[in-house]
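Student: I am new to this structure. Could you show me how to read a few of its features?
Tutor: Gladly, let us look together.

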Amino acid sequence: MQHRGQEGAGIVSNHEGKLDGYRDLGLLSEVFRDDKQLEKLVGNAAIGHVRYATAGNGSVDNIQPFLFKFYDQQVGLAHNGNLTNAKTLRTELEKDGAIFHSNSDTEILMHLIRRSKKENFIEQLKESLNTVQGGFAYLLLTEDAMMAALDPNAFRPLSIGQMKNGAYVIASETCALEVIGADFVRDVEPGELIIINEDGYRVEKYTENTQYAICSMEYIYFARPDSNIAGVNVHTARKNMGKNLALEQPVEADMVVGVPNSSLSAASGYAEASGIPYEMGLVKNQYIARTFIQPTQELREQGVRMKLSAVRGVVEGKRVIMVDDSIVRGTTSRRIVRLLKEAGAKEVHVRIASPPLKYPCFYGIDIQTRKELIAANHTIAEIGEMIEADSIGFLSEAGLVDAIGLNLDAPNTGLCMAYFNGDYPTPLYDYEAQYLASLKEKVSFF
């Protein structure tokens with residue numbers, strides 16, 4: 001799951017009812033480079049997490065899983081997503097005497113559980129899950145069980161698998177199940193609480209008020225192409241995005257070039273639908289981390305410089321269609337266009353396999369202000385000029401929905417498209433004032 005977070009990693013394990021954990025800043029290979037750190041993490045159950053910050057700073061205190069040791073119980077907790085009422089809840093909890101050890105929104109759930117007057121841990125957890133709002137996929141480890149819970153909209157993916165020895169596993173993406181040889185059992189559905197113990201697994205509901213709003217950016221960028229989300233293969237969805245993009249935004253050119261790695265599927269679809277040859281005009285240094293999920297713009301731009309190289313022997317003197325999955329600030333796209341032109345490309349036509357990103361995300365992707373979004377402040381023609389492209393075109397919302405191919409007529413299936421149209425599927429709570437203020441902002445780029 002390293003592609004989902006690069007800032008830190010951790011594991012909490014359960015050995016005969018005793019929970020131990022280790023966490024630190026850095027990639028998994030850096031955090032667990034010493035076998036001594038893994039030797040104490042023994043037992044019959046464990047949860048792990050890689051950090052991609054959407055709330056809280058880069059301190060080791062915010063690295064998950066969190067491990068809580070109370071007088072009457074031990075709990076490990078990991079969270080993927082972002083709570084939209086975290087500020088309000090934290091203020092209330094602190095007024096009641098709660099002491100927080102991190103500034104991450106994840107810790108809030110544990111304080112709610114401990115405050116609950118319900119009769120047992122499961123009921124306390126259910127009550128707390130109905131109190132937090134926003135996007136969340138939780139994993140919890142106790143002395144005798146592992147639990148998973150998904151928010152009522154299923155913004156983030158979560159899947160259950162089973163090993164050959166009968167053990168159950170839960171992961172954010174199905175690609176992790178494949179790697180460890182687990183068979184896919186089912187997706188965790190919105191509003192569900194999964195409880196796994198020595199007797200197997202059972203499914204309970206903490207709310208019936210659910211409606212699928214799967215994050216469309218999972219299909220566009222975040223998830224690995226060999227994963228399936230809600231039964232849809234990510235590579236297939238991205239290839240269909242490229243095909244629809246070719247139909248909607250055609251242009252005469254000599255070759256199609258994809259921006260490695262998340263855009264390669266879309267580029268192949270564009271080439272196939274347009275009949276224009278697909279070529280490897282950009283090469284990625286595979287040892288450089290993902291740039292979009294780097295925590296600062298400076299690190300993102302530095303990553304692009306180190307990550308990509310244009311192949312002069314392929315693009316020199318040619319009209320190139322550069323297919324990318326999305327444009328956020330535009331600085332990365334301008335850098336790639338320049339790379340291609342410096343390598344001798346005659347023309348660079350940029351085609352984006354998603355609609356323009358105009359609105360922030362409050363459910364687990366680190367885009368929380370319109371200041372960051374070039375499409376929120378400029379027309380498509382202006383964006384093309386700013387990134388120095390010979391032309392630019394985006395996939396339509398209808399083209400994206402068609403490419404992903406979810407059964408949107410089904411009562412419990414849908415996509416979150418808020419990044420493109422501002423239609424948020426839930427109230428924004430603590431972010432409402434920030435969002436309304438951002439609508440009035442006008443920002444210049446570069």
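Tutor: Keep in mind that this is a predicted model.

Student: Where does Lys126 lie, and is Lys126 buried or exposed?
Tutor: Lys126 belongs to helix H5, which covers residues 121-129. To judge burial, look at the relative accessible area: under 20% counts as buried. Lys126 has 13%, so Lys126 is buried.

Student: Now the strands. How do I read a sheet?
Tutor: Strands of a sheet pair through backbone hydrogen bonds, either parallel or antiparallel. Here, three strands form an open sheet in the order E9-E8-E10, and the pairing is antiparallel. Strands E9 (168-171) and E10 (183-187) are at the edges with a single partner strand each, so one side of each has no neighbour in the sheet. From one strand to the next, the twist averages 30°.

Student: How many bridges join E8 and E10?
Tutor: Four bridges, in the antiparallel sense, link E10 with strand E8, residues 159-162. As an example, Ile160 has Arg186 in E10 as its bridge partner.

Student: And how do helices H8 and H9 cross?
Tutor: Compare their axes: those of H8 (residues 234-248) and H9 (residues 264-274) come within 6 Å and cross at roughly 45°. That angle makes H8 oblique to H9, and the crossing is right-handed.

Student: Which residues meet there?
Tutor: Among them are His235 and Arg238 from H8, and Ser265 and Tyr270 from H9. The residues of this H8 and H9 contact comprise five nonpolar, six polar and four charged.

Note on methods:
Residues numbered from 1 in each chain as written. Predicted model: local features only at pLDDT ≥ 70, side-chain atom pairs only at ≥ 80, totals over all residues. Heavy atoms only, no water. Pairing = 2+ DSSP bridges. Helix = DSSP H or I, 4+ residues; strand = E, 2+ residues; numbered from the N terminus. Axes fitted to C-alpha atoms, helices over the stretch in contact; angles between N-to-C directions. Buried < 20%, exposed > 50% of the residue type's maximum accessible area, 1.4 Å probe, protein only. Parallel < 35°, antiparallel > 145°, perpendicular 65-115°, else oblique. Left-handed = near helix turned anticlockwise from the far one by under 90°. Contact = heavy atoms within 4.5 Å. Nonpolar A, V, L, I, M, F, W, Y, C, P; charged D, E, K, R; others polar.
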